[in-house]
Structure formats: C-alpha cells, structure tokens
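The points run from the overall fold to individual residues.

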Amino acid sequence: MNNNQRLFASFATALNLSPEQVHDELAYNSIPQWDSVAHMGLIAQLEQEFGVMLDTDDIIDMSSLAKAREILARHGVGF
C-alpha cells in the first residue's frame, strides 16, 4: 500500500466512511461525519499511521484531504 492509499484508508477509518466516499475534494464539515470531534480522531489516526507529530497550526489548517497530503509532505511523508 503506498502513502496515498494509506492516507485514503486513514480518512475512511477515522471518519467511518466507505472507500468510495473518500476523494481529494473531501473537506472538513462537508459531510456530517467530519465534525470537530471526528477531526481530532482523524489527526490521531494520521499521526499513528505516518509516525508524525502534527502541531496546532497543522491541525487547524487541515481542511481537506488534499491539505492533509500537503501537511504530511511537509513532515517528510512522500506522496
């Protein structure tokens, strides 16, 4: 599984979505499952999956799946 697949799988797991519901345009608060509580679960999922520690600015800035990829790349995760 490559890092992009791991990212999509992490979103599906953390937000309790089917794989078909996860796409690059998926954005915070665009679906009922991605609320503030789920956002913190998603952050924990991503930190565990990719072995990174996200700071407060990253957590606030993570407004979409595409943005999550960009933030993880800044932490050395290759896509």
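The structure is a predicted model.

1. Overall architecture. On that assignment the chain holds four helices and zero strands. In sequence order the pattern reads α-α-α-α. The radius of gyration is 11 Å, against 12 Å from the globule rule for 79 residues, so the chain is as compact as a globular protein of that length. Along the principal axes, the C-alpha atoms occupy a box of roughly 30 × 30 × 20 Å.

2. Buried residues make up 35% of the 79 in the chain. The accessible surface amounts to about 4400 Å², and carbon and sulfur atoms contribute 51% of that surface. Among contacts with a separation of 6 or more, 48% join residues 24 or more positions apart.

3. Ends of helix H1. At the start of the helix, a side-chain oxygen of asparagine 2 comes to within 3.0 Å of the backbone nitrogen of asparagine 4. After the helix comes asparagine 16, with a positive phi near 55 degrees.

4. Buried face of helix H1. The buried residues of H1 are Leu7, Ser10, Phe11, Ala12 and Leu15. In an α-helix there are 3.6 residues a turn, so residues three or four places apart point the same way. The cover over the buried residues of H1 includes helix H2 (36–50) and helix H4 (65–74).

5. Nonpolar core. The largest nonpolar core comprises 22 residues, and Leu7, Phe11, Leu46, Leu54 and Leu72 have the most contacts inside it. H1, H2 and H4 each contribute at least two residues to this core. H2 provides its largest share, five residues.

6. Phenylalanine 11. Which residues does phenylalanine 11 contact, leaving aside neighbours within four places in sequence? They are Asn16, Val22, Leu26, Trp34, Leu42, Leu46, Ser64, Leu65 and Ala68. One of these, Leu46, is also listed with phenylalanine 11 among the core residues with the most contacts.

7. Serine 10. This residue belongs to helix H1. Is serine 10 buried or exposed? Its relative accessibility is 1%, and serine 10 therefore counts as buried, the cut-off being under 20%. Beyond residues up to four places away in sequence, serine 10 touches Leu42, Gln45, Leu46, Glu49 and Phe50.

8. Most residues other than glycine have a negative phi. Asparagine 16 lies in this loop, and its phi is positive, near 55 degrees. Asparagine 16 is exposed because its relative accessible area is 66%, where exposed means over 50%. Asparagine 29 is likewise placed in the loop between H1 and H2; its phi is about 65 degrees, again positive in a residue that is not a glycine. With a relative accessible area of 53%, asparagine 29 is exposed.

How values were computed. Residues numbered from 1 in each chain as written. Predicted model: local features only at pLDDT ≥ 70, side-chain atom pairs only at ≥ 80, totals over all residues. Heavy atoms only, no water. Buried < 20%, exposed > 50% of the residue type's maximum accessible area, 1.4 Å probe, protein only. Contact = heavy atoms within 4.5 Å. Polar contact = N/O pair within 3.5 Å; in protein donor to acceptor, adjacent residues only side chain to side chain. Core = buried A, V, L, I, M, F, W, Y, C linked by side-chain atoms within 4.5 Å. Rg over C-alpha atoms; globule rule 2.2 N^0.38 Å. Areas by Shrake-Rupley, 256 points an atom, 1.4 Å probe, with all protein chains shown as cover.
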